[in-house]
Number of protein chains: 2
Amino acid sequence: MNRRTVGILMFDDVEVLDFAGPYEVFSRTRLAPGVESRRTDDAAPFRVVTVARTLAPIRATGGLRVIPDHSFASAPIIDILIVPGGFGTRPLLDDPAVLEWIRAASDSAELTASVCTGSLLLAKLGLLANRRATTHWGALAFLATVDNSIRVESDQRVVADGVITSAGVAAGIDMAFSIVERLHGRAVADETARYIEYPRHAD
Amino acid sequence: MNRRTVGILMFDDVEVLDFAGPYEVFSRTRLAPGVESRRTDDAAPFRVVTVARTLAPIRATGGLRVIPDHSFASAPIIDILIVPGGFGTRPLLDDPAVLEWIRAASDSAELTASVCTGSLLLAKLGLLANRRATTHWGALAFLATVDNSIRVESDQRVVADGVITSAGVAAGIDMAFSIVERLHGRAVADETARYIEYPRHAD
């Protein structure tokens with residue numbers, strides 16, 4: 001199978017569920033239903049990799065330590081770029097190396113998506129200019145200040161307008177399922193949701 | 001504040017959302033509402049640690065690599081023991097070192113809870129004998145074979161009968177919120193759910 005590569009950006013103070021929710025959804029999606037298909041990658045349409053500036057362990061919110069699979073220098077071509085959020089996004093708004101990596105990865109990706117305050121980084125790059133977009137409810141006003149051309153949506157969990165953004169934290173799970181559904185159909189997305197016992201919501 | 005320590009068992013092939021869901025809920029709970037209270041631990045009633053046999057990195061389902069905070073030898077006293085699931089639970093059913101650690105940690109803990117197939121390990125230790133309990137829908141029959149005195153519940157996301165068990169994967173988030181509610185009340189649990197934008201379900 002020709003798998004798509006999902007690349008999740010990692011950084012210190014990334015919110016745990018922001019990256020772990022999409023990680024779970026994409027890594028457990030199978031084109032064949034049931035439990036047995038999850039024992040191997042034979043029917044897996046995605047492979048998921050974590051990417052950070054360096055290979056040094058990341059300290060996520062709460063202190064969870066994750067070893068990235070790739071540094072910016074070693075990252076593979078990414079088909080689906082996921083930018084999670086968390087308080088760690090704030091210093092990255094002034095970090096040219098991270099911003100430029102996101103821009104380059106997004107330029108070559110088939111889809112770019114954010115979770116929670118990950119959208120602030122996409123906004124900073126101008127990727128949300130004149131688009132509808134969302135973020136965590138606590139950052140909706142801030143998002144508008146980063147780029148006042150953004151049409152900020154305050155009542156949707158997932159907003160797809162070229163770039164895909166989602167509301168806070170757990171809404172990243174809905175965002176991931178919306179991508180699975182777009183690429184592989186509703187049956188595959190719903191069956192994977194059933195496998196991980198996640199109640200999908202209307203987008 | 002006198003914080004409770006939440007200890008999450010980690011092992012190879014643990015399901016990502018099984019540990020990351022409860023990790024997120026407990027680590028982001030605050031006794032003061034809003035976004036600002038999440039910037040520090042001042043109002044945090046829990047601290048969350050990951051514990052594995054050794055300090056070697058764990059490879060979770062999909063390949064996510066996590067560095068445990070503690071080995072069995074260095075783990076602190078745990079107030080709330082969380083046993084996640086995943087295909088990695090199967091070899092642990094015959095692993096005396098892991099089983100004995102779970103037994104000892106559970107003996108001294110205020111609460112013991114499992115996510116998904118983590119309940120198989122509790123069942124193997126006899127901790128679910130004559131109790132109502134649940135697991136991932138794909139393992140309900142297997143759970144009964146591990147200890148046929150268990151009253152297996154097939155239609156609840158969280159089952160609290162002395163030991164707390166939950167259904168598959170994402171149901172661990174509901175389990176964690178049920179513990180937050182038990183210890184700190186519904187308002188704190190619901191406000192934290194709102195913070196992480198998770199739609200809580202009736203237990």
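**View 1. Burial and overall fold of chain A.** In this predicted model, 52% of the 203 residues of chain A count as buried. The secondary structure of the chain comprises seven helices and 11 strands. Along the principal axes, the C-alpha atoms fill a box of roughly 45 × 35 × 35 Å. A compact globule with 203 residues would have a radius of gyration near 17 Å, and chain A agrees, at 16 Å. Take the contacts in chain A with a separation of 6 or more: 62% of them come from residues 24 or more positions apart.

**View 2. An open sheet with strands from chains A and B.** Strands of a sheet pair through backbone hydrogen bonds, either parallel or antiparallel. Here the pairing is antiparallel, and the four strands follow the order E3(A)-E4(A)-E4(B)-E3(B). Strand E3 (58–59) of chain A and strand E3 (58–59) of chain B stand at the edges. Each has a single partner strand, so one side of each is left without a neighbour in the sheet.

**View 3. The pairing of E3(A) with E4(A).** Strand E4 of chain A covers residues 65–67. Two bridges join E4(A) to E3(A). A:Ile58 has A:Val66 of E4(A) as its bridge partner.

**View 4. Helices H1 and H6 of chain A.** H1(A) spans residues 16–28, and H6(A) spans residues 171–184. Their axes come within 8 Å and cross at roughly 30 degrees. Angles under 35 degrees count as roughly parallel, so H1(A) is roughly parallel to H6(A). The crossing of H1(A) and H6(A) is right-handed. H1(A) makes the contact through A:Asp18, A:Gly21, A:Pro22, A:Val25 and A:Phe26. Residues contributed by H6(A) include A:Gly172, A:Ile173, A:Ala176 and A:Val180.

Methods
Residues are numbered from 1 along each chain as its sequence is written. Chains are lettered from A and ligands numbered from 1 in the order in which they are written. This is a predicted model: local features need pLDDT of at least 70, side-chain atom pairs count only at pLDDT 80 or more; totals for chains, interfaces and linings use all residues. The radius of gyration is taken over C-alpha atoms; the globule rule is 2.2 Å times the number of residues to the power 0.38. A residue is buried if 20 or more other C-beta atoms lie within 10 Å of its own, exposed if 12 or fewer, and partly exposed in between; C-beta atoms are placed from the backbone. Two residues are in contact if their C-beta atoms, placed from the backbone, lie within 7 Å. Two strands pair if DSSP finds at least two bridges between them. Axes are lines fitted to C-alpha atoms, for helices over the stretch in contact, and angles run from 0 to 180 degrees between N-to-C directions. Angles under 35 degrees count as roughly parallel, over 145 as roughly antiparallel, 65 to 115 as roughly perpendicular and the rest as oblique. A crossing is left-handed if the near helix is turned anticlockwise from the far one by less than a right angle, and right-handed if clockwise.
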